Amino acid sequence: MTYSLVWDLDSIFPGGSHSTQLEQRLTELKEQSKTYHQLIEQWTPENDADYQELQQILTLQGTISDGFSQCNSFINALSSADTKDKKAKILSGDLFSLLPAIQLAETIFTKKLTEISDEHWQTVTALPAFESIAFRLNEIRRDGMQLLTEQEENIINTLSLDGLNAWSSHYDTIVASILIPFKEGDNTTMLSAGQAFNRMMSDPNPEIRAELFNSWEKAWSDKAPLLADTLNHLDGFRLSDYKLHGVSDFLEKPLNYNRMQKETLDVMWATIQKNKQPFIDFLTRKAQLFGKEKMDWQDQDAPIILGDLQEKTYSFNEAADFILENFEKFSPKMATFAKGAFEKSWIEAEDRPDKRPGGYCTELPESQESRIFMTFGNSINEVATLAHELGHAFHSSVMWDLPSLDREYAMNVAETASTFAELIVADATLKEAKTPEEKINLLDTKMQNAIAMFMNIHSRFIFENSFYEARQKGLLSEDEITELMLEAQKESYQDSLGTYHPHFWASKLHFFIDDVPFYNFPYTFGYLFSMGIYAYANKQGSDFEDQYIALLRDTASMTSEDLAKKHLGVDLTQPDFWQAGIDQVLKDVNEFMELTEGYIN
């Protein structure tokens, strides 16, 4: 079967950014928000004897949440697939203009929840109607303790539209204007940021990688003054918001969002830090295979081609078939789901101009579907990315029957299913290797993920931590921000690289996302957490599938620590679990070092 490289969005809202059905849904959302506000204003907890009114409020809350997510995912999909779709940007503004009214209603609702006595609250959350969502209700009530007055919260939320949200959107506008010149022979092609990045990091020709990297750095350097303003004001707004709410630790919100203890985060990074030397040795060995003493930034993901090896490439159809075949071995339900995603054209994979860089999976809760965005380039890396995003989509699919509140899983556990799916594909390709050269190539491909998690993402965490600390004292110049990025990379990579990427802060979308700060450490958590699940799956065999789905269904209704204890029997605040995951990766490092020993002069 031939699968489409272009996704189907018309089945969601026909007509793209000119969809009348989308306009109607936005109008309905506005009316539902008014009703939501009225119900909350009228609700008096002590007079709600049978709690029917509370149930009605929560039901409408779920309807609005799902509707907003549906519209936002669709509009963002339009912008991602065509960065020149100006109407989509206007629609995004229209959608987010509804937020202050919704947030005001939620503020009033949350404050009413906090006014309920602890004794009464225990009675409410024990009732059958609320028992399944008690964990989330407790979180909402906890966060409500920090709220300001309704009027003050409304002012902050309203100002966010032209503050926090606007600066994040401004980043997208700047990125859409970036074109990277690339010369091939006598012809010069202007590449979008997404096209240039894919070519720069994966082209087998080192000269092309170096040329593109220099052009890439220059392009982001040219935009650095604008992007420094953007980052300063985006995070400055967030820090002001924290201060107004009495939050002094800028990690408090991201940790609460990810339902993680600071102790867990600290022990994870500390364990990684103790194990960095083998990964430094891996990077140095890879550089030596390229004829260099030290690894250059743009070579980290470059393929290793030894002898007569021709790096295996995959058409989109071949990638789909390979993923489906190997998903089937671990979870027939996951394979069936992924097959449906291909057949129903849920994936945007075409390599064309005017697409934004990167890849993601987005949820459509009203239609109980997902959409996957990426640019497929025929390499094993894109096959892994495709499997990764399908893992996200599968995670969502097993939770569609749950209440809206019990589907709000955090980013760290969101990366569990995706990384697990990616591991399946990585190990499958290794098993198919027929020569040492091919195995070296595939081990390197698999290791690229580990290097990203332990080195690159660690540098992002170090940078963001340093930036927030400095930003609390005032604005930073573009040079100061760039220096912080360079210092973070050198610290994380233990100063082992030949070249670095000083303007990485400018090129990385994750630093400019408005809704989730510290969009970094959850990736590493999810990677190592999935390692534990993968090892567990290999031991359990055919009994694994239902246990895995049970774990995924619990991801929004307990802390990370409790989730690990319940389903894996491990303590995340101790180094043992993290070391066990790293030890699995070190097996690949050791095998790579042994296989490549004979290729070093």
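This is a predicted model: local features need pLDDT of at least 70, side-chain atom pairs count only at pLDDT 80 or more; totals for chains, interfaces and linings use all residues.

Me: What makes the protein as compact as a globular protein of its length?
Reply: The protein has 26 helices and 5 strands; helices (H or I, at least four residues) and strands (E, at least two) are DSSP runs, numbered from the N terminus. The globule rule is 2.2 Å times the number of residues to the power 0.38, and the radius of gyration is taken over C-alpha atoms. For 601 residues the rule gives 25 Å, and the radius of gyration is 24 Å, close to that value, so the protein is as compact as a globular protein of that length.

Me: Why is Asp-296 called buried?
Reply: Buried means under 20% relative accessible area, exposed over 50%, and partly exposed in between (1.4 Å probe, protein chains only). Asp-296 has 14% relative accessibility, and therefore counts as buried. Asp-296 lies in the loop between α15 and α16 (316-330). Buried residues make up 56% of the 601 residues in the protein.

Me: What makes the approach of Asp-296 to Thr-499 a polar contact?
Reply: A polar contact is a pair of N or O atoms within 3.5 Å; within protein, one must be able to donate a hydrogen and the other to accept it, and residues adjacent in sequence count only if both atoms are side-chain atoms. The side chains of Asp-296 and Thr-499 make such a contact at 3.1 Å.

Me: Which side chain makes a polar contact with that of Thr-555, and why is Thr-555 called buried?
Reply: The side chain of His-395 does, at 2.9 Å. Thr-555 has a relative accessible area of 3%, so it is buried. Thr-555 lies in the loop between α24 (544-553) and α25. Not counting residues up to four places away in sequence, Thr-555 touches residues including Arg-259, Met-399 and Tyr-409, where contact means heavy atoms within 4.5 Å.

Me: How do you know that the length of helix α14 agrees with expectation?
Reply: The expected span of a helix is 1.5 Å times one less than its number of residues. Helix α14 (residues 262-274) has 13 residues and should therefore span 18 Å; its end C-alpha atoms are 18 Å apart, which agrees. The buried residues of α14 include Leu-265, Val-267 and Trp-269. Among the elements that cover the buried residues of α14 are α13 (252-257) and α20 (436-471).

Me: What makes a set of residues a nonpolar core, and how many residues has the largest one?
Reply: A nonpolar core is a set of buried Ala, Val, Leu, Ile, Met, Phe, Trp, Tyr and Cys residues joined through side-chain atoms within 4.5 Å. The largest has 147 residues, and those with the most contacts inside it include Phe-279, Phe-420 and Trp-505. Its largest share, 15 residues, comes from α20. Apart from this core lies another, of 46 residues, among them Ile-12 and Phe-74.

Definitions and conventions
Residues are numbered from 1 along each chain as its sequence is written. Side-chain values use heavy atoms; hydrogens and water are left out.
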